[in-house]
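Student: I have a structure to work through. Can we take it one question at a time?

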Amino acid sequence: MPAGTLYRGREGMWSWVAHRVTGVLIFFFLFAHVLDTALVRVSPESYDTVIQTYKTPLVNLMEYGLVAAILFHALNGLRVVAVDFWSKGPKYQKQMLWSVVGVWVVLMAGSFYGILQHTLIEWFGK
């Protein structure tokens, strides 16, 4: 039995990694959002140019990724709270993780067209 770690590459470790990665992605989005919003006071023309680049299909796909990151981070955060504060949380942490993943997949599938509508129409027509 390897010493020094409790993680063995199972669900708990991967949810921990995904929670950290989504947290970092959300942080960088917020940082970029503050910078581009501050640009309006420095140069309204530059701000308009930046906003125009946000209307591209690539950025729209990134928006879908942002929704995925925020949604997973929020749902997994609720699971972490349940594991930490519910006496039976550690016992059911694996089932709660799969519940989080299931809810996340359903919500992401439901938001697919709503978020990517303009890109899908641009690529494939009506």
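Student: Is the crossing in which α1 passes α4 left-handed or right-handed?

Tutor: Keep in mind that this model is predicted. Helix α1 covers residues 11–42, and helix α4 covers residues 93–124. Where α1 passes α4, the crossing is left-handed.

Student: Are α1 and α4 roughly parallel or oblique to each other?

Tutor: Start with the axes. They come within 10 Å and cross at roughly 50 degrees. Angles under 35 degrees count as roughly parallel, and 65 to 115 as roughly perpendicular. The α1 and α4 pair therefore counts as oblique.

Student: How are α3 and α4 oriented to each other: roughly parallel or roughly antiparallel?

Tutor: Their axes lie 9 Å apart, and the packing angle is about 160 degrees. An angle over 145 counts as roughly antiparallel. So α3 and α4 are roughly antiparallel.

Student: How many nonpolar residues are in the contact of α3 with α4?

Tutor: This is the pair where α3 passes α4 in a right-handed crossing. The contact also has five polar and two charged residues. The nonpolar count is 22.

Student: Where does UniProt place the feature "transmembrane region"?

Tutor: The entry is unreviewed. Two of its stretches can be checked against the model. Residues 64–85 are 100% helix, with end C-alpha atoms 32 Å apart. Residues 97–116 are also 100% helix, with ends 27 Å apart. The UniProt record gives residues 21–44, 64–85 and 97–116.

Student: How much space lies in the largest pocket?

Tutor: Its lining divides into six nonpolar, one polar and two charged residues. Tyr54 is one of the lining residues. The space in this pocket is about 330 Å³.

How values were computed. Residues numbered from 1 in each chain as written. Predicted model: local features only at pLDDT ≥ 70, side-chain atom pairs only at ≥ 80, totals over all residues. Heavy atoms only, no water. UniProt positions renumbered as here; feature names shortened; annotations may be inferred. Helix = DSSP H or I, 4+ residues; strand = E, 2+ residues; numbered from the N terminus. 1 Å grid on protein atoms, 1.4 Å probe; cavity = no way out; pocket = protein on both sides within 12 Å on 5 of 7 lines; lining within 4 Å. Points joined across faces, edges and corners; volume = space filled by probe spheres on them. Nonpolar A, V, L, I, M, F, W, Y, C, P; charged D, E, K, R; others polar. Axes fitted to C-alpha atoms, helices over the stretch in contact; angles between N-to-C directions. Left-handed = near helix turned anticlockwise from the far one by under 90°.
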